[in-house]
Amino acid sequence: MKGRRSARAPLIWIALALAIGVPIALAAGSEQLTWRGPVYILAGFAGIIALGLVLAQPLLIGGYLPGLSAYRGRRAHHWIGGTLALAVVIHVAGLWITSPPDMIDALTYTSPTPFSPFGVTAMWAIFIVALLALLRRRLGLRLRTWRIVHIPLAIVIVAGSVAHCLLIEGTMETISKAALCAAVLAATVKVMVDLWRRRTLRDSSIARP
């Protein structure tokens, strides 16, 4: 059993690297970049990287990435969360520089583009989680309270990010984009189900006489 797990360990990391790296590589070869300025391109790739980080987050917190202890997984989850927030800031700032009116419409939920409200909602959820994580000790949030707040916001982040990405017809290649979004959804559902099962087993064991 241990031999099988050790043999699968590199494959899991390779699959994660491909899921994130292939869409980035294909987007880098998009013909649409020819007509885009450097700031817009930076903003766009910051958004793609952000979606890749969203995929890594449930894998880390669920303990699905081999070679990382539970403690290291949680620490990586924390730091990648901060990196995710930074990537979103770069994404939004770049788009603001290139087209302030469009960003004002998006941030005020008046944009005619269908993908805007999903992206903006996911953005605010990311910022709220990042801020609460930063102030968690000062606020005295217990683990149970933190999970009650964090899990619904995480669902909003995943759903909003995936919908935002799928509805945009931009530099990302269609199949790799869909595969990345499917991986994000699958990883999130997996960790949610596993956390629920662990909690159910723990509660049942406590309830036994």
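**View 1. Overall dimensions of the chain.** A compact globule of 209 residues would have a radius of gyration near 17 Å, and the 19 Å of this chain agrees with that; the radius is taken over C-alpha atoms, and the globule rule is 2.2 Å times the number of residues to the power 0.38. The model is predicted, so local features need pLDDT of at least 70 and side-chain atom pairs pLDDT 80 or more, while totals for chains, interfaces and linings use all residues. Residues are numbered from 1 along each chain as its sequence is written, and side-chain values use heavy atoms, without hydrogens and water.

**View 2. Helix α6, residues 143–167**. The 25 residues of α6 should span 36 Å at 1.5 Å a residue, and the end C-alpha atoms, 35 Å apart, agree with this; the expected span is 1.5 Å times one less than the number of residues. Among the buried residues of α6 are Trp146, His150, Leu153 and Ile157. Buried means under 20% relative accessible area, exposed over 50%, and partly exposed in between (1.4 Å probe, protein chains only).

**View 3. Val22 in helix α1, residues 2–28**. Val22 has 34% relative accessibility and therefore counts as partly exposed.

**View 4. Burial and contacts across the chain.** Of the 209 residues, 33% count as buried. Among contacts (heavy atoms within 4.5 Å) between residues at least 6 apart in sequence, 69% join residues at least 24 apart.

Note on methods
Helices (H or I, at least four residues) and strands (E, at least two) are DSSP runs, numbered from the N terminus.
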